[in-house]
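The entries follow the order in which I looked things up.

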Amino acid sequence: MSTPQKNVAVIGAGIMGLCTARELSQAGAHVVVYEKNTLPSKNASFMAGGMLAPYSEIEHMPPEWVQAGLNGIEYWRAILGQESAQAEFSCKGSLLIAHKEDQYVLERFKTHLSANTNCQNVSKAEVAQLEPQIAERFDNGVFLKEEAHLHPQKTMQLIIDRGAFEMRQEEAAPSALSEQYDHVIDCRGYDAEKQTPGLRGVKGEIAIVRNTEFYLERPVRLMHPRYPLYIVPRKGNIFMIGATVIEAANNEHVSVRSSLELLSALYSLHPSFGDAQILDMSAGIRPAYADNLPRITLQDNIVRCNGLFRHGYLLAPVMAQCVEHMIHNKHHDLTALLMGENHEYKNQRKSAEL
Ligand SMILES: Cc1cc2nc3c(=O)[nH]c(=O)nc-3n(C[C@H](O)[C@H](O)[C@H](O)COP(=O)(O)OP(=O)(O)OC[C@H]3O[C@@H](n4cnc5c(N)ncnc54)[C@H](O)[C@@H]3O)c2cc1C
């Protein structure tokens with residue numbers, strides 16, 4: 001006997017909501033996504049760098065999460081498949097470098113990498129092979145060859161275009177939809193703060209520039225004493241630099257200090273950035289719990305997926321797969337990690353009705 005089709009509402013069309021809608025609709029559920037803004041919604045997912053960088057985050061992530069992040073990269077490879085180029089998904093690793101005065105930040109980072117991590121200390125000559133245009137200013141680096149990146153906005157658009165789910169531009173409240181649907185998946189990001197104990201906002205600012213004199217094969221992470229700065233190459237000689245990490249959620253403006261830091265970091269990478277065109281400077285609010293790790297929490301038939309902090313693109317596909325497994329009563333190895341102790345999904349109210 002076939003299982004009845006699930007009727008699911010997803011609230012929020014950020015990367016968490018879209019990955020979940022995609023996963024559930026592919027598994028045969030009828031899915032409606034509620035998004036309060038017109039698309040594309042200028043949410044945290046829209047502002048993101050698109051780094052898929054589990055090793056670079058090792059100072060903030062326990063090893064089991066690094067492994068979950070590597071799974072996230074594999075999911076993207078499978079999800080994007082032949083459309084990888086369209087989403088600018090690329091797996092050429094990332095290169096970590098530091099100016100002479102900040103070498104200690106790079107050295108400190110290396111102490112977190114275990115011997116079996118797939119990373120390589122690289123000399124000036126090897127930096128020159130990987131990224132010829134920056135070798136003049138940097139004497140060494142660390143190459144993390146399993147890391148990847150994608151273009152966030154293009155990736156979200158692809159999921160929407162290819163998705164077998166319905167989109168509604170409407171503000172929705174999880175409790176108001178819970179009678180109407182078998183399951184409600186709350187993916188409201190930082191907007192869910194008032195109903196989500198322990199959730200806070202962490203501001204991130206970015207700059208996007210065009211520099212026709214410069215080329216990068218892969219993202220470069222400039223080790224910086226205040227926060228890690230990525231320069232992510234995009235098509236058309238466009239580079240995204242970000243992101244600041246500021247414990248505040250009270251405004252989405254880019255401060256003068258942050259803009260000076262971002263742009264001077266770019267200029268320090270290569271003098272040609274002095275004449276680059278600034279295309280955009282913007283800020284987003286990352287949803288985060290105290291440990292900066294995401295989690296899935298349950299309340300009757302409401303499943304809340306939040307706290308993706310700096311790892312939204314890295315971990316959203318993994319979380320979405322766990323949600324799909326949970327709803328269809330299947331085992332997933334990572335569910336326990338994402339839910340802590342609370343990983344038995346008993347959808348008491350709705351399953352009794354089916
Ligand atoms: C500057 C910056 C750089 C980043 N770089 C990276 C990176 O390189 N790699 C990485 O993995 N992660 C990165 N992140 C983190 C990542 O962007 C976030 O973790 C992720 O976007 C969170 O996604 P989300 O779907 O939970 O929330 P959001 O993207 O904020 O989406 C929530 C959506 O819910 C909608 N919504 C809210 N309330 C309602 C309602 N009541 N009804 C209907 N809709 C509603 C909102 O309008 C919004 O569209 C970065 C973040 C920032 C800010």
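How far does a backbone N or O atom of Met 16 lie from an oxygen atom of the ligand? I read 3.1 Å in this model, which is predicted.

I next looked up Ala 44, where a polar backbone atom is 3.3 Å from an oxygen atom of the ligand. At Gly 49, I found a backbone N or O atom 3.0 Å from a nitrogen atom of the ligand. I also noted the cover: on its own the ligand has 1,000 Å² of accessible area, and the protein covers 95% of that.

I listed 37 residues around the ligand, with Glu 35, Ser 41, Ser 45, Ala 172 and Phe 309 as the closest. By class, I recorded 16 nonpolar, 13 polar and eight charged residues in the shell. Among the elements that each supply at least two shell residues are helix 1 (15-26), strand 2 (30-35) and strand 14 (277-288). Helix 9 gives the largest share, three residues. I place the ligand between domain 1 (7-47 + 152-196 + 290-353) and domain 2 (94-145 + 200-288), because both give residues to the shell.

I traced an open sheet of six strands with mixed pairing, in the order 8-2-1-9-16-15. Strand 8 (166-169) and strand 15 (295-299) are its edges, each pairing on one side only. Within the sheet, I noted that strand 9 (residues 183-186) and strand 16 (residues 302-306) run parallel and are joined by three bridges. Asp 186 stands opposite Arg 304 of strand 16.

How values were computed
Residues are numbered from 1 along each chain as its sequence is written. This is a predicted model: local features need pLDDT of at least 70, side-chain atom pairs count only at pLDDT 80 or more; totals for chains, interfaces and linings use all residues. Side-chain values use heavy atoms; hydrogens and water are left out. A residue is near a molecule or strand if one of its heavy atoms lies within 4 Å of it. A polar contact is a pair of N or O atoms within 3.5 Å; within protein, one must be able to donate a hydrogen and the other to accept it, and residues adjacent in sequence count only if both atoms are side-chain atoms. Accessible areas come from the Shrake-Rupley method with a 1.4 Å probe; for residues, only the protein chains shown count as cover. Helices (H or I, at least four residues) and strands (E, at least two) are DSSP runs, numbered from the N terminus. Ala, Val, Leu, Ile, Met, Phe, Trp, Tyr, Cys and Pro count as nonpolar, Asp, Glu, Lys and Arg as charged, and the others, Gly among them, as polar. Domain bounds come from an automatic or database domain assignment. Two strands pair if DSSP finds at least two bridges between them.
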